[in-house]
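Dear colleague,

I am passing on the structure we spoke about, with its sequence, and I would be glad if you could look through it with the notes below at hand.

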Amino acid sequence: MSELIYLNGEFIPQENACVSVMDRGFLFGDGVYEVIPAYAGQPFRLREHLRRLDASLEGIRMSPPLDEDQWRDILQRLLAQRGDADQQIYLQITRGAYGKRLHTIPEDINPTVMAFATELARRDPELVKQGMSVITLDDIRWDRCNIKAITLLANILSQQQARDEGAQEAILVRDGQANEGTASNLFIVKDNLIITPPKSRHLLPGITRDLVLELARDAGLPYAEASISVEELEAAEEIWITSSTKEVMPVTRLNGHPVDNGHPGPMWEKMDALYAACKARLRLRSSSPED
Ligand code: PDD
């Protein structure tokens, strides 16, 4: 049987799931999304992802169409199709379809709510061992990067430029400050201190970012939320990027130059192990949903 996706209250085979061309997600990129990893069939940090989803919705003047229990039921059903496999959920809410293409927000409109599960894109073990190459680019995005909007053209163009230059990610710079990647948050290690930029309108409040800070705190590793200038990035002992699918990745080349000695650093090794242990605890608990 073909894969089912959730669309507006129904579970439908993917090839039959259709959205109107008048949907404002299609016409304007008027919507928000989440990417949620699931280990052994259990969504990871679901509550945090749903809280951020609600904040994104509020940021674009929409109200949450579903509550946490409703989402849990939907995601469990989607994930059950692959049993205990590691997966990722993509969910998207757009403002919905309307009869006219209007730049204002119509009042009488129903959201389009969609979610599907796919296999979790595995981290490339070779890349984890070697570390990633990144370049810095001017941040050409808007001023509400804290909203997880589906409008990702600036991210896509920047990511493609990184690929064209032989790198795997671009670190986006605004007013001399390195804020985050095109699809990841940024950390450096400086004088043995783990540093990530504070939350602001210039970066997404990453769920993995918060978890890394939590793990650092619990393990007694020194950390700070502080802005990172391009000069500090260039002088960093270690650079990491984080996301729900990449977890904590070491960066060993910046703009074609090695980061420190060009190998993943000792602090990254500690953090990667702490992250792996956290996932392992979730697998152990997999008989009851994560809270
Ligand atoms: N992206 N910053 C940006 C711009 C992102 O798109 C993402 C995630 C992150 C990391 O957030 P989190 O730790 O919550 O995954 C930071 C997802 C994975 C994506 O667009 O596919």
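Ala 40 sits in the loop between β3 and β4 (42–43), in what is, please keep in mind, a predicted model. The phi angle of Ala 40 is near 50°, which is a positive value in a residue other than glycine. With a relative accessible area of 12%, Ala 40 falls under the 20% limit and therefore counts as buried. Arg 45, in the loop between β4 and α2, also has a positive phi, near 60°, again in a residue other than glycine. The relative accessible area of Arg 45 is 12%, so Arg 45 is buried.

The ligand site

The shell around the ligand draws at least three residues from domain 1 (4–119) and at least three from domain 2 (125–279). Among the elements, β3 (31–39), β9 (177–181), α6 and β13 (238–243) each contribute at least two residues to that shell. Which of the 18 residues around the ligand come nearest? They are Tyr 33, Arg 52, Glu 180, Thr 208 and Ser 244.

An N or O atom in the side chain of Tyr 33 is 2.7 Å from an oxygen atom of the ligand, while the side chain of Lys 148 has an N or O atom 3.2 Å from a nitrogen atom of the ligand. For Glu 180, an N or O atom of the side chain is 2.6 Å from a ligand nitrogen atom. The ligand taken alone exposes 480 Å², of which the protein buries 89%.

Helix α6

Helix α6, which supplies at least two residues of the ligand shell, covers residues 207–219. Just after the helix, Gly 220 takes a positive phi of about 75°.

Charged residues elsewhere

Arg 24 lies in helix α1 (residues 24–28) and is buried, because its relative accessible area of 3% is under 20%. The side chain of Arg 24 makes a polar contact of 2.8 Å with the side chain of Asp 30, and a polar atom of the Arg 24 side chain lies 3.2 Å from the backbone oxygen of Thr 104. Asp 23, in the loop between β2 (10–13) and α1, has a relative accessibility of 2% and so counts as buried. Although Asp 23 and Thr 94 are 71 residues apart in sequence, their C-alpha atoms are 7.6 Å apart in space.

Is Asp 67 buried or partly exposed? Asp 67, found in the loop between α2 (46–59) and α3 (68–80), is partly exposed, because its relative accessible area of 41% falls between the limits of 20% and 50%. From C-alpha to C-alpha, Asp 67 is 9.5 Å from Asp 54, and the two are 13 residues apart in sequence.

Conventions
Residues are numbered from 1 along each chain as its sequence is written. This is a predicted model: local features need pLDDT of at least 70, side-chain atom pairs count only at pLDDT 80 or more; totals for chains, interfaces and linings use all residues. Side-chain values use heavy atoms; hydrogens and water are left out. Helices (H or I, at least four residues) and strands (E, at least two) are DSSP runs, numbered from the N terminus. The expected span of a helix is 1.5 Å times one less than its number of residues. A residue is near a molecule or strand if one of its heavy atoms lies within 4 Å of it. A polar contact is a pair of N or O atoms within 3.5 Å; within protein, one must be able to donate a hydrogen and the other to accept it, and residues adjacent in sequence count only if both atoms are side-chain atoms. Accessible areas come from the Shrake-Rupley method with a 1.4 Å probe; for residues, only the protein chains shown count as cover. Domain bounds come from an automatic or database domain assignment. Buried means under 20% relative accessible area, exposed over 50%, partly exposed in between (1.4 Å probe, protein chains only).
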